[in-house]
Amino acid sequence: MTAIPVVARTPARPALERLTNAIWDTIDVSGRNLRSLTRNPQALIFATIQPMIFVLLFRYAFGGAIKVPGVSYVDFLMPGVFAQSVAFGAIGTAVGLSADLRSGLLVRFRTLPMSRIAVLAGRTLADLARNLVVVAVMLGVGYAVGFRSPAGATALLAALGLVIAFAYALSWAFTALGLRVSDPEAAQGAGVPVVFLLVFTSSAFVPSADMPGWLQAFGTHQPVNALVVAERALIFGQPAAHDVLISLAWSGGLLLAFAALSLRVYTRMNR
Amino acid sequence: MNEFAIEAEGLRKAFGSVTALDGLTLRVPTGSVVGLLGPNGSGKTTTVSILSTALRPDGGRAAVRGLDVVADAARVRAAIGFAGQFAAVDPNLTGRENLTLIGRLSRVGRRPARARAEQLLDVFGLGDAADRLVRGYSGGMRRRLDLAAALVHRPPVLFLDEPTTGLDPESRFQLWESVRDLARAGTTVLLTTQYLEEADALTDQVVIIAAGRVADTGTPRQLKERFGTVVFTLDFAAPADALAASRLLAAAGYQAEADRAGLRVRSDSGSGALPGLLRALDRLPDPVSVGVREPTLDDVFLTLTGQVPASQGGIPA
């Protein structure tokens, strides 16, 4: 048996070329995911129907029973609905990735001379676009049921910026999940309880002050609540710098931690 | 130019406590078509996954065109095409969009990717369906598109993992024809299959693997002659003829059993034994019908491993 010739490892390509390739690949992958999304509009429709039902339920059915001192309930409610819609939307990232995993597309991607991170970055970028659409729709729905930002449009835009930043970070958390579960159903099943817990222990729909102390302790120290609190501070024109920083810190931390974890999981899938 | 496009030496891979590859060694001459044959769980998919850089070996080494599949994975990827067991195409894109996407991600360039997609759609008979969503394609069309996707960057080395499993006969023949065309154009092909018939139709060389090791290597004909048992069935007009025939054949050294007017004769020397067998029966009335059952992979496998092929399910890709 002749020995396999030992070939020296190819020197790494210049960093700039690698970066350019990664960016183009990310654009191509996210273009693919966005196309998939438009060809399969049910997913987008369901992503907006659920928060819409929540708006109607809480605005008209439960809202009368929830007293928030000093503000109109619909103005209190909508920041919570924005957070809720992107939090549930993030599960879609895990579902989509695990579908690609099961179909064998991720194996094909691993055998292509493409950038590794682009597979994940392209997915989260497309989901960011999807979240923008969902948030825009919810803004319209909110407006229709009487939501007006008391502190004006600029404050509202800043609040929505926080929502989008959180949406992007959370979609990386669900990237890691999507790569670890066996199929889309499992991704859905694992994602929903987590998001449920985060959304409904936060003050998204009900003031935290009305919750028992032990629940408050958890509910007020998690990222969805931090987001909702910061949104409200902006929308109601209160001093917001502290709350905004906390929310951004959550989003930044989640993004860094889960992007690193997801990339690690993805590159180690060949083991 | 390397003499061998693909070389693997002592490949080992385990998934938890399950050993998938246990020191697999093989070489694929440049420009040839080699078939990896073995039952489920024998390590076929694991082997092509490692060679196509989708999976890392636990031990041993492998090289494609002299490039190490682990240390030099990026350059290996530029030289290979890979089509897995399932059509890995996006059902929500059109055929054209799928090929263009894979072309871009394979660094073909944006404009050439479009031109190449167009060309491949034609070659694979998907021109009319090019702008339809893949979710409306038949299984055969998806497989052809999947094969086309593996070819967008004109790879000199191609890996196909059970390319025709689950296809109807017509789609299977079309795919075979495509593989033959590629081979004629000089592409080195390593394919896995469970069908001896497929290896027969396509490959220059067959590597039989069992329990993660190479059990034997040879041309399909050599293997069948070496290990397969051909069974001839002869039907006569009358049971008396069958009985007489079985006596004549036994005297001539054949293993024959008569059953009423029928006769089963086993031959270890391939179907080429038929003329001799018929000559031995010259003095009897001609049989009404003669059947030949060629050896199957199961026969070869049974002989090589002494056990019934284990169906323990596939090894995860």
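Helices here are DSSP runs of H or I with at least four residues and strands are runs of E with at least two, both numbered from the N terminus. The model you have open is predicted, and for this reason local features need pLDDT of at least 70 and side-chain atom pairs count only at pLDDT 80 or more, while totals for chains, interfaces and linings use all residues. Residues are numbered from 1 along each chain as its sequence is written, and chains are lettered from A and ligands numbered from 1 in the order in which they are written.

**Chain A as a whole**

Select chain A, whose secondary structure amounts to 10 helices and zero strands. Its C-alpha atoms occupy a box of roughly 85 × 35 × 35 Å when taken along the principal axes.

**Two helix pairs in chain A**

Next, select residues 153–180 and 184–201 of chain A, which are helices α6 and α7. They pack at an angle of about 140 degrees with their axes 9 Å apart, where axes are lines fitted to C-alpha atoms, for helices over the stretch in contact, and angles run from 0 to 180 degrees between N-to-C directions. α6(A) and α7(A) are therefore oblique to each other, the class left over once angles under 35 degrees count as roughly parallel, over 145 as roughly antiparallel and 65 to 115 as roughly perpendicular. The crossing of α6(A) past α7(A) is right-handed, that is, the near helix is turned clockwise from the far one by less than a right angle, a left-handed crossing being the anticlockwise case. Show A:F174, A:L177 and A:G178 from α6(A) together with A:A187, A:A190 and A:G191 from α7(A), since these make the contact, a contact being two residues whose C-beta atoms, placed from the backbone, lie within 7 Å. By class, this contact of α6(A) with α7(A) has four nonpolar, two polar and no charged residues; Ala, Val, Leu, Ile, Met, Phe, Trp, Tyr, Cys and Pro count as nonpolar, Asp, Glu, Lys and Arg as charged, and the others, Gly among them, as polar.

Move on to residues 223–235 and 241–267 of chain A, helices α9 and α10, whose axes come within 8 Å and cross at roughly 145 degrees. The crossing of α9(A) and α10(A) is left-handed. Residues to display include A:L227, A:A230 and A:L234 in α9(A), and A:I246, A:W250 and A:L254 in α10(A). The contact of α9(A) with α10(A) comprises 11 nonpolar, one polar and one charged residues.

**Where the chains meet**

**Chain B and its sheet**

Now colour chain B by domain, with domain 1 at 4–225 and domain 2 at 229–294, bounds that come from an automatic or database domain assignment. The centres of these two domains of chain B, taken over C-alpha atoms, are separated by 42 Å.

Select the four strands of chain B that form an open antiparallel sheet in the order β12-β13-β11-β14, where two strands pair if DSSP finds at least two bridges between them. β12 (255–259) and β14 (289–293) of chain B stand at the edges with a single partner strand each, so one side of each is left without a neighbour in the sheet. The twist from one strand to the next averages 15 degrees. Strand β11 (residues 230–235) of chain B pairs with β14(B) over five bridges in the antiparallel sense, and B:F232 has B:V292 of β14(B) as its bridge partner. Finally, select helix α9 (residues 239–251) of chain B, which lies across β11, β12 and β13 (262–267) of chain B and runs at about 170 degrees to β12(B).
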